[in-house]
Every structure is written in C-alpha cells, then in structure tokens.
Amino acid sequence: MDEPVLLTGAGGRVGQAILRGLGDDYDWRLLDREPLPAAKVPDGVTDADRYVADITDERALREAVADVGAVIHLAGDPRKTAPWDSVLRNNIDGTQVVMRAAAEAGVEKFAFASSNHAVGGYETEDRTPDLYRPENDYRLDGSELPRPGNLYGVSKAAGESLGRFYHDEFGMSVVCVRIGNLTKDHPPREYERGQAMWLSHRDCAHLFDRCLRADYGYEVVYGISNNDRRYYSIERAREALGYDPADNSADYTFEGKPKPDRDTETNGGRYAADSFASDADRPADESPAEPNFPADPDDA
Ligand SMILES: NC(=O)C1=CN([C@@H]2O[C@H](COP(=O)(O)OP(=O)(O)OC[C@H]3O[C@@H](n4cnc5c(N)ncnc54)[C@H](O)[C@@H]3O)[C@@H](O)[C@H]2O)C=CC1
Ligand SMILES: O=C1O[C@H](COP(=O)(O)O)[C@@H](O)[C@H](O)[C@H]1O
C-alpha cells in the first residue's frame, strides 16, 4: 500500500497494538478525538498527519480520507455496557460518516473493527461454559447471522451492514473483523471466554497488516489468535487474508503465565516489535490497558 492509511481511534488499545507492530510499514494518518501524546505516535508521522476530530464530523473525515488508499476504522465506544445514545452516536452514526467519506473518496480498502459481541447471543446457557473449552467442536465461521448480546453488539452488527452496503454501492473492499479480546503479553487471566477469543498484540498487528495487503470483496472474519479454546473458526481469515496467527492462549497457564515449552518465535519475528524505533528517548509507553473512552456513560 503506497498511499497513506487512515487509522481512526489511533490512541486506543487496538490502535496502539497496530501501530507498535506496523508503525514503520505504512504512511499513517492518525485520527482520534483525543490528541495523541508523542509516546503513541510512530516515528515519521508529522503533525499534518494527525487529526483531532470526532468521527461524526463529516468535513473533518472528508479531509482525513482524501488520497488515502485504505482505512482501518477503530474509533468508537468499546464498552459492552455502553448506553444506546453512545453507541448510536459513536458506533453507528460515526461509522456511517467514516464509511461514506471513504467510499465517496474512492478509498480502495476498509477494515472495520467489529466485535465478538455482534454474535454474543450464540453463547447460550446450554452451550456455556463448555463452549470455551478445547474439546468443544461448536464453531462460528463468520457466515452466521449476527446475534448481538447487548446494544453495543447491535451497533457492531449495524457497522457490518453498513460495510456491506458501501461495498455493494461503491465497490470498496470491506473486511469486518470481529475482534475477540485483545490483551498485551498474556491472555486474559483466569477467564475462559477471554482465553477462547484472545487476540495477542502481534497477531492483531499481523491481522490488520493482512487486511491492508490482501485482495477481497466483502468479508467477515474473526480476529483471534490460534487458541485451542477457540469456538470461532479462523479459516476464512486464513483463506481470504492470508492470516497466520502466531499465538495460542494454550501456551499459557490459566493464570496467564507462559508455559516453559511455548514457541516464542513466530512470523519470522515480525510484528513482535513492542515499541517504536525511537522509544528510547520517548515518555513511558502509555498503551492503555483499559478503554481509552470516557468512564462516564453519560459522556457520549
Ligand atoms: N479491545 C478489544 O479487545 C476489542 C475492541 N473492539 C473494537 O475495536 C475498536 C477499538 O477498541 P479499543 O482500542 O479497545 O478501544 P479504546 O477505547 O481503547 O480506543 C478507542 C479510541 O477511539 C477514540 N474515539 C472514541 N469515540 C470517538 C469518536 N466519536 N470520534 C473520534 N475518536 C473516538 C477514543 O478516543 C479512543 O482513543 C472499537 O471499535 C472496539 O469496539 C472489538 C472487540 C474487542
Ligand atoms: O468488544 C469487546 O470485547 C472484548 C471482550 O468482551 P468481554 O465481555 O469478554 O470483556 C472487550 O474486552 C472489549 O473491551 C470490547 O470492546
């Protein structure tokens, strides 16, 4: 991808995992409604490439998408408990503004951060907790209808439909990534659901790198590492994108400690970068462990 890549929600957990893995590989444009501290910005990204704007601001988005080759759209309210007014504004209206601006500008590829919560309703009482264990063979593969388990999941299903519409109407390549549970350095501790859908930082960077490099039409894939506990199939991500995850939550104990024999070398060592080239003279890493979204649910 020679043209710039716009990353919305750049200051958040997923955005930072992507930038720490791919910071040197693309000509980035970074958009967030919060100004980005230097520690969150890869070398070479100038002030002119940084946009402080709300994704519902149509004019700002038209400016940000001009001449870009691809968009990775992460900005939104990530809380499964988010109130309707917040997901309506940030996740549905905001996503529509970003997708429309990209499609009308002729952007080639669009990667949308959907969620496991778009299909959380399939985790029925009779299926759980066995569903989250290696011996269970129940699978979701991305071809199933959305079945949200909360209003946040509804907003993600709406984003997937918006992507289908903008693909069909404008020919923009769209991939909806139903991200599982991103955590740094180890899977979610003592949490079976989290370990079934863990996405490591390096697999996250690798997956979105594939979204930028592969050719596709409209896809829905699961964004998880190659976890023994998984009940999401990653075959479509492998076939359509060339995704080849390195990590597996089974390489860690339930408490999150690495097992002695786990494979630490993967992807030829790529994406393992956990810092920007010049981190040595930067403020401490501010990659947030918690959502980078206002804690006050009334602050939509
Ligand atoms: N972290 C995870 O495990 C998962 C994340 N996701 C999705 O991935 C995306 C990123 O999630 P995280 O990085 O974890 O969230 P985060 O809360 O850490 O980061 C979101 C970023 O978007 C920005 N933002 C929020 N609303 C905005 C708006 N209206 N205009 C401009 N910027 C706005 C925030 O300032 C923040 O920097 C979200 O769409 C979330 O729903 C989906 C599944 C799992
Ligand atoms: O969409 C998301 O899902 C993950 C995992 O969900 P959880 O209910 O098992 O925590 C969540 O951690 C993340 O914040 C959210 O954006």
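**Close-ups of a predicted model**

**View 1. Y152 and its neighbours.** Leaving aside residues up to four places away in sequence, Y152 touches D77, P78, R79, K80, V87, N91, S115 and H117 (contact means heavy atoms within 4.5 Å). This is a predicted model, where local features need pLDDT of at least 70, side-chain atom pairs count only at pLDDT 80 or more, and totals for chains, interfaces and linings use all residues. Residues are numbered from 1 along each chain as its sequence is written, chains are lettered from A and ligands numbered from 1 in the order written, and side-chain values use heavy atoms, with hydrogens and water left out. Y152 sits in helix α4 (residues 151-170) (a helix is a DSSP run of H or I, at least four residues, numbered from the N terminus). Y152 counts as buried because its relative accessibility is 8% (buried is under 20% relative accessible area, with a 1.4 Å probe and protein chains only). An unreviewed UniProt entry puts an "active site" feature at Y152; such annotations may be inferred rather than shown by experiment.

**View 2. Around ligand 2.** Y152 turns up here too, among the residues surrounding ligand 2, which include P78, K80, G180, Y191 and R193 (one heavy atom within 4 Å is enough). An oxygen atom of ligand 2 lies 3.0 Å from a side-chain N or O atom of R13, and there is another such pair at 3.0 Å with N116. For H117, the distance is 3.1 Å. Taken alone, ligand 2 exposes 380 Å², and the protein buries 81% of that (Shrake-Rupley areas, 1.4 Å probe).

**View 3. Helix α6, mostly covered.** Of the 13 residues in α6, 11 are buried, including H201, C204, F208 and L212.

How values were computed:
Helix = DSSP H or I, 4+ residues; strand = E, 2+ residues; numbered from the N terminus. Buried < 20%, exposed > 50% of the residue type's maximum accessible area, 1.4 Å probe, protein only. Polar contact = N/O pair within 3.5 Å; in protein donor to acceptor, adjacent residues only side chain to side chain.
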